Amino acid sequence: MNKHTNERMNETKNTLNGEREPERYDLHMHSTSSDGMNTPTELARLAAERGLAGFALTDHDTAAGLGEAAREAERLGLAFLPGVEISTRAGGKDIHMLGYLFDPSDEKLSERLEGLRGVRDRRNDLILERLRELGVEITLEEVRDRGGRPLKPDESVGRPHMADVLVRKGYAVDLRDAFDKYLAEGAAAYVSPPRISPQDAADWIREAGGVPVLAHPGLYGDDDLVRAVLAEAKPAGIEVRHPDHGADDEARYRKLAEEYGLLTSAGSDYHGVRQGKVFHGELGGYTVGTAEVEALRRAASSADRGCWKAGG
Ligand SMILES: [Zn+2]
Ligand SMILES: [Zn+2]
């Protein structure tokens, strides 16, 4: 470890009352570029308000918000890590692969993500068709309009947007009800999407110079599957702290990280406030320190040189 890195790792900041506290980074959140409620600019401002040293934006299957987030972060003096959360499928479960510090202008990655959004659009059509068969009349236009905040072409639309329309039109009492009745896995209008594998997603991220990190392993409810994904996709890290992880999950995945030689990561998975409720966590509620961020940066720079070995 060089001197520069050492200094960075010991960085602290002064709080208003003069106490020094360690720097904190929230590495998982969503903007209006996917299914979040806040624009990338708003997220940067929230991160600053909550005293974070930096953050990563990790929208689903799109890098569309990264430029805006980076600009506002720079203006506010925050560190910014470009991120993405790629939807994959393995062992009959939706598995999410986070990617950090890739080149946001990488054309191959943009094309690949665009392909995924195409798949998402076809899936959305199928879900709306099933809903119509159930006597629920909502249209893609209503879903894309998002109550007067229409999507841009490179933003992705998904089930949370549909849930909003279902509630607005009185087909469900709240979002939970919309998912339980219609949209959740196994519910009446659920359509399982054709998906890439976690290994594909990890390769895409690595090929764009980034660092793949397995998202919220506790949500899959199957540690054998988690181990299989770690063995096959060889992400460089694992998300240990997440609002849907209990203390026991966190301890278990820290051990697993040690066993596989993985970086550890944390994030709030903040999606904003929908109808009075924060889904997943509050921005800044789940963070890593400077050491974890530096480890990610080292992994990314060795990936750039083409000598990075998966799994440590
Ligand atoms: Zn996720
Ligand atoms: Zn997420």
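This report describes the strand and helix arrangement of one predicted protein model.

Residues are numbered from 1 along each chain as its sequence is written, while chains are lettered from A and ligands numbered from 1 in the order in which they are written. Because the model is predicted, local features need pLDDT of at least 70 and side-chain atom pairs count only at pLDDT 80 or more, whereas totals for chains, interfaces and linings use all residues.

**Overall content**

Of its 312 residues, 44% count as buried. A residue is buried if 20 or more other C-beta atoms lie within 10 Å of its own, exposed if 12 or fewer, and partly exposed in between, with C-beta atoms placed from the backbone. Among contacts with a separation of 6 or more, 69% join residues 24 or more positions apart; a contact requires C-beta atoms, placed from the backbone, within 7 Å.

**The sheet**

Seven strands form an open sheet of mixed pairing, in the order E3-E4-E5-E6-E7-E8-E9. Two strands pair if DSSP finds at least two bridges between them. Strand E3 (25-26) and E9 stand at the edges with a single partner strand each, so one side of each has no neighbour in the sheet.

| Pair | Sense | Bridges |
|---|---|---|
| E5 (residues 79-90) and E6 (residues 93-100) | antiparallel | eight bridges |
| E6 and E7 (residues 211-214) | antiparallel | four bridges |
| E8 (residues 237-241) and E9 | parallel | four bridges |

Strand E6 is mostly covered, with six of its eight residues buried. Towards E7, Tyr100 stands opposite Val211. The hairpin of E5 and E6 has two residues between the strands, and Gly91 there takes a positive phi near 55°.

Strand E8, helix H10 (residues 247-260) and E9 make a right-handed β-α-β unit. Right-handed here means that, with the strands pointing away from the viewer, the path from the first strand over the helix to the second runs clockwise. Helix H10 has 14 residues and spans 20 Å from its first C-alpha to its last, close to the 20 Å expected at 1.5 Å a residue; the expected span is 1.5 Å times one less than the number of residues. Just after H10, Gly261 takes a positive phi of about 65°.

Both faces of E9 (residues 263-266) are covered: Leu263 and Ser265 are buried on one side, as are Thr264 and Ala266 on the other. Ser265 in E9 has Glu239 opposite.

**Other helices**

Helix H6 (residues 159-168) packs against helix H7 (residues 175-183) at an angle of about 105°, with the axes 9 Å apart. Axes are lines fitted to C-alpha atoms, for helices over the stretch in contact, and angles run from 0 to 180 degrees between N-to-C directions. H6 and H7 are therefore roughly perpendicular to each other, a term covering 65 to 115 degrees. The residues that meet include Met162 and Leu166 in H6, and Phe179 and Tyr182 in H7.

Ser302 lies in helix H11 (residues 290-304). With 14 C-beta neighbours inside 10 Å, Ser302 counts as partly exposed. The C-alpha atoms of Ser302 and Gly209 are 8.7 Å apart, although 93 residues separate them along the chain.

How values were computed
Two residues are in contact if their C-beta atoms, placed from the backbone, lie within 7 Å. Angles under 35 degrees count as roughly parallel, over 145 as roughly antiparallel, 65 to 115 as roughly perpendicular and the rest as oblique.
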